[in-house]
Amino acid sequence: MTAKESTTSRTETSPCLQLQDQYACDVFNIKTMRTYLSKGVFNKLMSTLKLGRKLDPSIANEVAQAMKQWAVDNGATHYTHWFQPLTGSTAEKHDAFLEPDKEGNLLLEFTGKSLVQGEPDASSFPSGGLRATFEARGYTAWDPTSPAFIKRTPHSATLCIPTAFCSYNGEALDKKTPLLRSMNVVSKHAARVLACFGRLGVDVVSNLGAEQEYFLVDRELYKKRPDLIMCGRTLFGNVPPKHQQMEDHYFGCIKDRILEYMTAVDHDLWRLGIPAKTRHNEVAPGQFEIAPTFEELNLAVDHNMLIMEVLRKEAAKHGLVCLLHEKPFAGINGSGKHNNWSLSADGLGSLFSPGATPHENALFLTFIAAVIKAIDTHADVLRASISKLGNDHRLGANEAPPAIISIFLGDQLEEIVQQIKHGGARSSRSMGTMNVGVDTIPDLPKDTTDRNRTSPFAFTGNKFEFRAVGSSQTCAWPMTVLNTIVAEALDEIAGALEPVAGKPEFRQTLQNLLQDIIVKHERVIFNGDGYNDAWVQEAERRGLPHLRTTLEALEVLDRPGTLALFAKYGVMSEAELKARKEVQYEIYVKELAIEAKTAIDMIETQYMPAAARQVKELAQTVAAIRASGVGAGLSAAVATLEKVGGLYEQLPGILDTLRKSRTQGCGEIKKALAEARRVVDLLEKATDDALWPVPNYDQLLFV
């Protein structure tokens with residue numbers, strides 16, 4: 001073989017070249033559209049995608065035919081409108097492309113109407129009162145900004161078309177529709193602010209990079225834990241002697257079995273055009289993280305839903321189960337979904353990047369001020385957006401941020417903010433005074449600040465990281481809220497600056513405006529330790545809301561001010577927002593009821609029989625020692641028997657309390673579950689491992 005032939009051979013088998021061919025091969029993206037569509041139709045569709053124009057109805061049929069042909073060429077036999085109802089997961093109904101003709105032949109049909117609109121049953125999804133049970137009609141509407149893709153199993157391929165989901169009367173019944181509305185409104189008002197700085201006609205885009213944390217457990221062990229199966233978390237179980245305190249799992253060497261799984265996940269995601277970038281061990285044993293690169297917000301949300309699906313499906317192929325619950329195991333780290341959010345514009349990049357000139361500095365500080373204003377004004381609404389039963393267990397525990405919403409800016413940026421507050425006071429970190437629009441602020445490199453794990457909302461150089469979002473949540477709802485409250489702040493800033501834009505007084509007006517915002521809203525800035533009990537007291541002194549539970553937080557959603565906010569910006573009507581509160585409340589109550597019933601079943605069918613066997617064995621041991629006439633060990637055996645027997649005797653009362661609590665409200669169920677756990681966990685410590693009926697934490701986390 002010649003040197004040239006050897007080089008060619010290595011190149012042809014290069015995994016990187018294979019990856020280039022495979023990346024997004026199951027996505028009807030721009031590259032594929034250019035191949036399958038005529039030039040005229042392609043250009044019109046690009047206008048829809050890039051300029052936000054309405055889809056030209058005249059091209060719908062050709063787009064549908066091209067999409068169908070591409071899907072069939074790639075093995076698809078069915079298509080589905082893929083949408084995100086208020087369940088928090090995704091939904092799909094499959095239809096075959098096949099249509100018989102009068103002669104008994106099969107035709108492949110897919111029309112523009114089939115592409116643009118579908119009609120699933122709206123009554124079977126939670127609607128929070130927007131739909132009555134007998135009002136079944138609902139519509140899915142194609143979202144061309146999120147490309148269609150093919151989902152595969154070993155023997156099937158289905159064309160999935162991302163869609164919005166609305167009722168017969170036009171109310172949003174999904175997570176996507178309000179998200180798209182919020183993206184439009186924050187873009188509109190950010191563009192107004194940019195125009196005040198002379199940046200006319202600039203499109204602003206919301207961006208997201210969502211870090212996804214998850215646990216993996218062995219499937220055979222999982223099948224022996226009814227609480228994991230039914231509830232996604234362990235209702236009982238003791239933290240093992242060694243868990244995460246040695247800090248040796250974080251970023252540690254990834255075990256072969258897990259790495260094989262992660263590699264398969266990456267390849268599945270890459271085929272779907274999802275830019276999975278990072279994978280690593282997380283802090284807790286059995287906990288891991290995957291993170292993609294930044295994308296436009298709507299696409300990033302869709303991709304995160306697919307990431308969660310692929311994580312679950314691929315785990316089954318490797319004899320594993322992926323747990324996305326926020327707190328699968330008590331006493332160790334929970335799992336979050338860190339939402340790295342920013343606004344970007346053509347020619348400017350992230351609007352949260354300081355830039356290199358005074359003009360850009362002023363723009364940067366204006367957008368930073370807008371976020372500070374938004375978070376302080378609506379901290380309670382933002383807290384409500386991350387409310388669910390699982391996240392209640394996580395927030396404020398084991399490296400999760402507290403339920404108090406605050407902003408971490410880092411020392412350098414906070415000092416600049418203080419300069420603005422005091423009207424340009426000299427700073428030890430800057431070379432001069434801070435007069436917005438004239439003096440250059442100190443360089444703020446991307447990693448100018450340390451990371452703060454205890455902050456729910458942290459500035460990280462050119463973006464904000466919303467760390468409080470739960471791992472099982474869709475990103476859509478928290479990002480909808482964030483976009484909306486920032487849009488309001490930008491709207492008010494634009495309203496103050498537009499009358500003086502391009503005039504000599506612009507600089508002073510901006511200086512006064514930013515100073516006023518900082519004075520009014522600096523209370524939300526906190527760079528310290530969010531786990532410190534002193535912060536809770538300090539936050540209350542500042543007047544920051546501390547909504548500890550989902551039920552407290554949800555009350556915010558139907559307050560007049562909250563309803564008016566979302567209605568004003570056209571993101572959600574009063575009925576739509578109230579419906580979301582009702583759905584979140586309903587899910588919370590149902591999940592808690594399932595936990596109570598699961599706990600009752602486990603105590604009755606597993607823990608009580610195990611305790612009875614242990615009591616019997618201990619009683620036999622005591623009897624045998626007494627019969628032997630040897631007193632050695634008798635007192636220890638009797639003490640152990642009395643301990644186990646005493647715990648066993650408490651279980652019937654525990655069951656009665658659990659049963660009664662199911663009719664007494666969420667608070668009583670929580671108390672009953674906590675007491676049941678206390679007793680069962682003590683019983684686990686006192687029972688022979690061979691008799692214990694379920695895998696314990698040692699096995700689940702380390703096997």
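Colleague: Which residues are linked in a network of salt bridges?
Modeller: Glu92, Lys151, Glu309 and Lys313 form that network. Keep in mind that this is a predicted model.

Colleague: And how many salt bridges does the structure hold?
Modeller: The structure holds 37 salt bridges. Side chains of opposite charge can pair when their charged atoms come close.

Colleague: Start with Arg257. What does Arg257 form a salt bridge with?
Modeller: Its partner is Asp218, and the closest N and O atoms are 3.1 Å apart.

Colleague: Is Asp218 buried or exposed?
Modeller: Asp218 counts as buried, because its relative accessibility is 15% and the cut-off for buried is under 20%. Arg257 is partly exposed, at 36%.

Colleague: Stay with S9. In what sense do S9 and S13 pair, and over how many bridges?
Modeller: Strand S9 (residues 204–218) and S13 are antiparallel, with 4 bridges. Within this pairing, Leu216 stands opposite Cys322 of S13.

Colleague: Which residues of S13 are on each side?
Modeller: Strand S13 covers residues 320–323. Leu320 and Cys322 are on one side, Val321 and Leu323 on the other, and all are buried, so both faces of the strand are covered.

Colleague: What does Glu326 meet in a salt bridge?
Modeller: The side chain of Lys388, at 3.5 Å from N to O. Glu326 is buried, with a relative accessible area of 0%.

Colleague: Changing topic: where is Glu604, and where is Arg659?
Modeller: Glu604 is in helix H21 and Arg659 in helix H22 (residues 634–661), 55 residues apart. Their side chains meet in a salt bridge, at 2.2 Å from N to O.

Colleague: Why do Glu604 and Arg659 count as partly exposed?
Modeller: Glu604 has 35% relative accessibility, and Arg659 also has 35%. Partly exposed means between the 20% limit for buried and the 50% limit for exposed, so both qualify.

Colleague: Last one: which residues form a negative surface patch?
Modeller: Glu617, Asp688, Asp689 and Asp698 form one. Glu617 lies in helix H21, which spans residues 574–628. Glu617 is partly exposed, with a relative accessible area of 37%.

Note on methods:
Residues numbered from 1 in each chain as written. Predicted model: local features only at pLDDT ≥ 70, side-chain atom pairs only at ≥ 80, totals over all residues. Heavy atoms only, no water. Patch = residues over 30% accessible without salt bridge, like charges linked within 9 Å, V, L, I, M, F, W, Y side chains within 5 Å. Areas by Shrake-Rupley, 256 points an atom, 1.4 Å probe, with all protein chains shown as cover. Salt bridge = Lys/Arg side-chain N within 4 Å of Asp/Glu carboxyl O. Lys, Arg positive; Asp, Glu negative; His and termini not counted. Charge placed at Lys NZ, Arg CZ, Asp CG, Glu CD. Helix = DSSP H or I, 4+ residues; strand = E, 2+ residues; numbered from the N terminus. Buried < 20%, exposed > 50% of the residue type's maximum accessible area, 1.4 Å probe, protein only. Pairing = 2+ DSSP bridges.
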